[in-house]
Amino acid sequence: LVWKARAALRAGRWPQVLQAIEALSPAEQRDPTWMYWKARALRELAPTAGDAERLRADAFQLLDELSGQYHFYGKLAAEALERPHALPPSAAPLTDAERERAATNPGLQRALRLIELGLRSEGVREWNW
């Protein structure tokens, strides 16, 4: 069904896009990718449908839900609704306890030292390990 939806998207066949997405499992339909493309399909089909207002409302609901999320389809949804894409809030500053744990973590210290020495690849591997 996913490939059917992708093929229909590529061909610009919006009725088939909608049909394929609606045949997905409920969990798959909640994936941001398919929420966005379902909304797009609904918007594309609305001008020619008898229940255009319902289709537009359904599309708006999907895009509205996505537009507040921080990923690619959230950004596309925000743009479709002509809303600014808000950035996530800044991280809280480190506490003294967190700074102390970082300062006493040997692996982290090795990673930072390797990066300081210009051995970024090795430092990143140490950091990840």
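Colleague: Quick one to start: is Thr33 buried or exposed?
Modeller: Thr33 is buried, because its relative accessible area is 18%, and the cut-off for buried is under 20%. Keep in mind that this is a predicted model.

Colleague: Okay, and which helix does Thr33 lie in?
Modeller: Thr33 is part of helix α4.

Colleague: How far apart in space are Thr33 and Gly74?
Modeller: Their C-alpha atoms are 9.3 Å apart, while in sequence the two residues are 41 residues apart.

Colleague: New topic: Ser67. Where does that one lie?
Modeller: Ser67 lies in helix α5, which covers residues 52-67. Ser67 counts as buried because its relative accessibility is 10%.

Colleague: What does the side chain of Ser67 reach?
Modeller: It reaches the backbone oxygen of Asp64, at 2.9 Å.

Colleague: And which residues is Ser67 in contact with, leaving aside neighbours within four places in sequence?
Modeller: Gly74, Ala77, Ala78, Leu81, Arg83 and His85.

Colleague: Now the largest nonpolar core. Which of its residues touch the most other members?
Modeller: This core has 27 residues, and Trp14, Val17, Ile21, Trp34 and Trp37 touch the most other members. Helices α1 (2-11), α2 (14-23), α4 (32-45), α5 and α6 (72-80) each supply at least two residues of the core.

Colleague: Which helix gives the most to it?
Modeller: That's α4, with 8 residues.

Colleague: Last one: what does Trp14 touch, not counting residues up to four places away in sequence?
Modeller: Trp14 touches Leu9, Trp37, Arg40, Ala41, Glu44 and Leu45.

Definitions and conventions:
Residues numbered from 1 in each chain as written. Predicted model: local features only at pLDDT ≥ 70, side-chain atom pairs only at ≥ 80, totals over all residues. Heavy atoms only, no water. Helix = DSSP H or I, 4+ residues; strand = E, 2+ residues; numbered from the N terminus. Buried < 20%, exposed > 50% of the residue type's maximum accessible area, 1.4 Å probe, protein only. Polar contact = N/O pair within 3.5 Å; in protein donor to acceptor, adjacent residues only side chain to side chain. Contact = heavy atoms within 4.5 Å. Core = buried A, V, L, I, M, F, W, Y, C linked by side-chain atoms within 4.5 Å.
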